[in-house]
Amino acid sequence: KEKASKEAQEYVGHIINSYSEREGVFSPPLNTKDPIIMDFVNSFKHKDTQDQRLCWEDVLKDLGNNKPMNRLVCGDVGFGKTEIALRASFVSVFSGQQVVVLAPTTILANQLFHSFLSRLSDFGVSVDLLSRFSLKKKVVVERFIEKKIDVLIGTSSLLFNQMILKQCGLFIVDEEHRFGVKDKELVLSLNPLVNFLSLSATPIPRSLQLSLNSVRSLSTIQTPPIERKPIISFVHSFDISLVCRAILKEINRGGQVFIVDNSVENLKKL
């Protein structure tokens, strides 16, 4: 216990030092006024919700500031957090910086890769992927270090290459609650000038606490996109006839049904 407590205290001290170091450094403000940024924003196929617009204004202000950004964007799935990350990436690349996007799973990294590629490639931004499915990992890393890749998306394998972390100007963590403190804070200790943007639908208490104490800035996207219907939830004691009625109603309207149970034996009965 004593050893664990001592290690925890030492690590907390390390985090405090890296945060205080970031507070004292001057970060060159990025070019946030160029008309091409507005062209990129307008190329978004959907209309921004009110919260999404306000969130983007917050991020743009951070990037144009002379202190490194440290912002948490909190919003439900499908509310437009990825678009904010895309715009921040575009502004960073346009100002001559490289971007690293960290995702918790290979599937999500692949989805983000295709999203970023489809939005950024028309503007001449090069995007690549680094995950366990990447066939030429070494080549991808070398191309990023040689500044031939503008945006690199990948899983936690990115964290094992300190050159990548030291070189990026913007570090984005998607689903930040899926990563440990050491994973997320590593880039801050290696690269105090880096702009840090984390995205989450369910931020961990520590992230919220940092935001409430003004250590980290917080933007929330609570407005659902136009025509998006809210999720309707019912809590009910188990009743097989009620379950059957719900299934039939969904099947009759051409939908599909998931049934989740906490026991394999129950599944056979069901």
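The model is a predicted one, in which local features need pLDDT of at least 70 and side-chain atom pairs count only at pLDDT 80 or more, while totals for chains, interfaces and linings use all residues. Residues are numbered from 1 along each chain as its sequence is written, and side-chain values use heavy atoms, with hydrogens and water left out.

**Overall make-up**

- The chain holds 11 helices and seven strands, where helices (H or I, at least four residues) and strands (E, at least two) are DSSP runs numbered from the N terminus.
- Taken along the principal axes, the box filled by the C-alpha atoms is roughly 65 × 55 × 40 Å.
- Of the 270 residues in the chain, 40% are buried, with buried meaning under 20% relative accessible area, exposed over 50%, and partly exposed in between (1.4 Å probe, protein chains only).
- Among contacts in the chain with a separation of 6 or more, 76% join residues 24 or more positions apart, a contact being heavy atoms within 4.5 Å.

**The sheet and the helices across it**

- Seven strands form an open sheet with parallel pairing, in the order β3-β4-β2-β5-β6-β1-β7.
- At the edges are β3 (127–130) and β7 (217–221), each of which pairs on one side only, and from one strand to the next the twist averages 20°.
- Helix α5 (residues 106–120) lies across β2, β3, β4 and β5 (170–174) and runs at about 175° to β3; axes here are lines fitted to C-alpha atoms, for helices over the stretch in contact, and angles run from 0 to 180 degrees between N-to-C directions.
- Helix α6 (residues 137–145) lies across β2, β3 and β4, and its direction makes an angle of about 135° with β3.

**Nonpolar cores**

- The largest nonpolar core has 38 residues, of which Phe116, Leu120, Val151, Ile153 and Leu197 touch the most other members; such a core is a set of buried Ala, Val, Leu, Ile, Met, Phe, Trp, Tyr and Cys residues joined through side-chain atoms within 4.5 Å.
- Helix α4 (residues 81–94) supplies the largest share of this core, seven residues.
- Apart from this core lies another, of 22 residues, among them Val100, Cys168, Phe179 and Val194.
- Not counting residues up to four places away in sequence, Leu197 touches Val59, Met69, Arg71, Val73, Ala85, Ala88, Leu170, Phe171, Ile172 and Val173.

**Packing of α3 against α4**

- The axes of helix α3 (residues 50–63) and α4 come within 10 Å and cross at roughly 25°, and the two helices are therefore roughly parallel to each other, given that angles under 35 degrees count as roughly parallel, over 145 as roughly antiparallel, 65 to 115 as roughly perpendicular and the rest as oblique.
- Their crossing is right-handed, the term for a near helix turned clockwise from the far one by less than a right angle, with left-handed used for anticlockwise.
- Gln52, Cys55, Trp56, Val59, Leu60 and Leu63 of α3 make the contact with Glu83, Ile84, Arg87, Ala88, Val91 and Ser92 of α4.

**Individual residues**

- Gln52, in helix α3, counts as buried because its relative accessibility is 3%; leaving aside neighbours within four places in sequence, Gln52 is in contact with Phe44, Phe79, Gly80, Glu83, Ile84 and Ile221.
- Asn66 lies in the loop between α3 and β1 (70–75) and is partly exposed, with a relative accessible area of 36%.
- With neighbours within four places in sequence left aside, the contacts of Asn66 are Val25, Phe26, Ser27 and Pro29.
- Lys147, found in the loop between α6 and β4, has a positive phi of about 65° although it is not a glycine, and at 58% relative accessibility Lys147 counts as exposed.

Conventions:
Two strands pair if DSSP finds at least two bridges between them.
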